[in-house]
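Q: I would like a close look at one part of this model, the sheet. In what order do the strands lie, and is the pairing parallel or antiparallel?

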Amino acid sequence: MPVITFANTKGGAGKTTAVLLLATELARKGYRVTILDADPQHWISRWHEISGNVKNVSVIDFVTSASLPLHISENKANTDYFIIDLPGARNPLLATAVGLSDHVLIPIQGCAMDARGGAQVLELLQYLDEKAGIKIGHSVVLTRVNSMVTTRALQLVKALLNERHVPVLDTAIIERSAFRDIFDCGGTLATMDATRVSNLEKARENALCFAEEMMRKLPVKLPVAARLSGLLMRDAA
Ligand SMILES: Nc1ncnc2c1ncn2[C@@H]1O[C@H](COP(=O)(O)OP(=O)(O)OP(=O)(O)O)[C@@H](O)[C@H]1O
Ligand SMILES: [Mg+2]
């Protein structure tokens, strides 16, 4: 059961939004997902409260540096993917979560401030590699990308990452109102009403692409029964 951490020490980079998209899409595929909510704003826990029971998704709130390893060991048997939502600031949780992760995703919006917060995470990963020989898979995921135009700031960030040989996911998370509304309405993109949310279909495609790319990076084999249930859930949506 892979552990995926979303980290960027700059606040507002899009971590929590990306956590929710990945978790709900993996759950729809039939995977059991446990979200460890260490964001002091508790958005995921609030979303879970208003959503009621979301199939295959569990959320653990008030996660601390001390409790994190315990949550993982206690829930191993009932989880296919753990997803950790970190605070958007430098915090002792960053090192603990990164040390427990199979993959660290660094959401970066196309702006320099965000890139700097991401660079702090990349420096920590490099430090672990060079000083302790611990290699942790990681990628940047570009977030809040404009669907219509490629801004100069985004081009600069992409060029910088490329120059430093930082892996970047093929799928960028597009700026979509559905990704904001989901926190107000609860539920998932699949249960949202397409007549009330603009470009919902495009938002669904984008979230699915993102989750499928992560599934290819960190494959987990599902039992046949769970695969069938995932297929049925998709057909029902
Ligand atoms: N792809 C997106 N489309 C539309 N709005 C987005 C998208 N990603 C993030 N946002 C909005 O940007 C704001 C910050 O996003 P989010 O809370 O996900 O960032 P964060 O990195 O978790 O922040 P923090 O560091 O404060 O925890 C929120 O208002 C969210 O709704
Ligand atoms: Mg957050």
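A: Two strands pair if DSSP finds at least two bridges between them. Strands (E, at least two residues) and helices (H or I, at least four) are DSSP runs, numbered from the N terminus. This is a predicted model, in which local features need pLDDT of at least 70 and side-chain atom pairs count only at pLDDT 80 or more, while totals for chains, interfaces and linings use all residues. Residues are numbered from 1 along each chain as its sequence is written, and chains are lettered from A and ligands numbered from 1 in the order in which they are written.

Now the sheet. It is open and has 6 strands, in the order S3-S2-S4-S1-S5-S6. The pairing is parallel. S3 and S6 (137-143) are the edge strands, and each pairs on one side only. From one strand to the next, the twist averages 20°. Helix H1 packs on this sheet and touches S1, S2, S3, S4, S5 and S6. Contact here means C-beta atoms, placed from the backbone, within 7 Å of each other. The direction of H1 makes about 165° with that of S4. Such angles run from 0 to 180 degrees between N-to-C directions, with axes fitted to C-alpha atoms, for helices over the stretch in contact.

Take S1 (residues 3-6) next. Both of its faces are covered. Val3 and Thr5 are buried on one side, Ile4 and Phe6 on the other. A residue is buried if 20 or more other C-beta atoms lie within 10 Å of its own, exposed if 12 or fewer, and partly exposed in between; the C-beta atoms are placed from the backbone. S1 runs parallel to S4 (residues 81-85), and 4 bridges join the two. Among these contacts, Val3 has Phe82 as its bridge partner in S4. S1 also runs parallel to S5 (residues 103-109), joined by 3 bridges. There, Thr5 has Val104 as its partner, and Ile4 has His103.

S5 carries the sheet on to S6, with 7 bridges between these parallel strands. Ile106 is bridged to Val140 of S6. His103 stands opposite Gly137, also in S6. S5 is largely enclosed by the rest of the structure, because 6 of its 7 residues are buried.

At the other end, S2 (residues 33-37) and S3 (residues 57-60) run parallel, joined by 4 bridges. Ile35 has Val59 as its bridge partner in S3.

The elements giving two or more residues to the shell around ligand 1 are H1 (15-28) and H7 (177-185). H1 gives the most, with 3 residues. The shell holds 17 residues, and Gly11, Lys15, Thr16, Thr17 and Gly88 come nearest. A residue counts as near if its C-beta atom, placed from the backbone, lies within 6 Å. The shell divides into 3 nonpolar, 8 polar and 6 charged residues. Ala, Val, Leu, Ile, Met, Phe, Trp, Tyr, Cys and Pro count as nonpolar, Asp, Glu, Lys and Arg as charged, and the others, Gly among them, as polar.

Conventions. Two residues are in contact if their C-beta atoms, placed from the backbone, lie within 7 Å.
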